[in-house]
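Please report on the packing and the charged side chains of this protein. Keep it brief.

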Amino acid sequence: MIPDIPNVSLKCIEYLLLSIQSNPGRSQRFHLKRWHQYKYNRPDYHKGGHNNGFFASKSYRDVLWTDVAPQDVEYLCAFGTRVKSKSSQMHLTSHGWYRANAARQKIGLSPLSWGDVELPSTSGAACKIYQTVVQ
C-alpha cells in the first residue's frame, strides 16, 4: 500500500484548471478530451466537443483562463467576413492560477509559482493573461 495518496475526485472546473496549468497554450478540445478520459475512463469520441460550455461561459472565460491565439483565419458568415483563430491557445489568468493551485493542494500536490509561467510572445497576450476581469 502506498501512503499519502489522497482519495479525492476533482470537479470538472478543477480538472480543467489543472490541465491548463500543466499544458499552457494547448487547445480547448485538448483539455476537454483529457477531462473526459479522467471522468469516464474512456476516450472522448466527440473529439473534445463534450462539456465545452466552460470555455464559452463569461463566468470562466477571461476570468479563469483566456485564449491568446492570433485571430488570423477569415471566414464568411451571415454578417459578412469575420476572423477567428485556427485553434485556441488557452492560458490561465492570475485568478485561474490561484484556483488551480487550490486544486493541486486538494489532491496533495505542492502549488506552482506564478512567476515560473512562460508567457506567449503573441502581441498583447501577456497583458491579457495578467489581468483578472472583475464584473
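A contact means heavy atoms within 4.5 Å. This is a predicted model, where local features need pLDDT of at least 70, side-chain atom pairs count only at pLDDT 80 or more, and totals for chains, interfaces and linings use all residues. Residues are numbered from 1 along each chain as its sequence is written, and side-chain values use heavy atoms, with hydrogens and water left out.

**Leu10 and helix 1**

Leu10 touches Tyr15, Leu18, Tyr38, Ala103, Lys106 and Ile107, leaving aside residues up to four places away in sequence. Leu10 sits in the segment before helix 1 (12-22). Helices (H or I, at least four residues) and strands (E, at least two) are DSSP runs, numbered from the N terminus. The C-alpha atoms of Leu10 and Lys106 are 8.5 Å apart, although 96 residues separate the two along the chain.

Leu10 is buried, at 12% relative accessible area. Buried means under 20% relative accessible area, exposed means over 50%, and partly exposed lies in between (1.4 Å probe, protein chains only).

Why is helix 1 largely enclosed by the rest of the structure? Ten of its eleven residues are buried. Among them are Cys12, Ile13, Glu14 and Tyr15. The buried residues of helix 1 pack against helix 2 (28-40), helix 3 (53-56), strand 1 (65-67), strand 4 (90-92) and helix 4 (94-106).

**Salt bridges**

Side chains of opposite charge can pair when their charged atoms come close. A salt bridge here is a side-chain nitrogen of Lys or Arg within 4 Å of a carboxyl oxygen of Asp or Glu. The count comes to two salt bridges.

Glu14 forms one with Lys106. Arg61 and Asp67 form a salt bridge through their side chains.

| Salt bridge | N to O distance |
|---|---|
| Glu14 and Lys106 | 3.0 Å |
| Arg61 and Asp67 | 3.5 Å |

Glu14 is buried, at 15%, whereas Lys106 is partly exposed, at 33%. Asp67 is buried, at 9%, and Arg61 is partly exposed, at 24%.

**Positive patch**

Arg26, Arg29, Lys33, Arg34 and Lys47 gather in a patch of positive charge on the surface. Patch residues have over 30% relative accessible area and no salt bridge, and like charges are joined within 9 Å. Lys and Arg count as positive. Each charge is placed at NZ of Lys or CZ of Arg. Lys33 lies in helix 2. Lys33 is partly exposed, with a relative accessible area of 39%.

Notes
Patches are made of residues with over 30% relative accessible area and no salt bridge: like charges are joined within 9 Å, nonpolar side chains (Val, Leu, Ile, Met, Phe, Trp, Tyr) within 5 Å. Accessible areas come from the Shrake-Rupley method with a 1.4 Å probe; for residues, only the protein chains shown count as cover.
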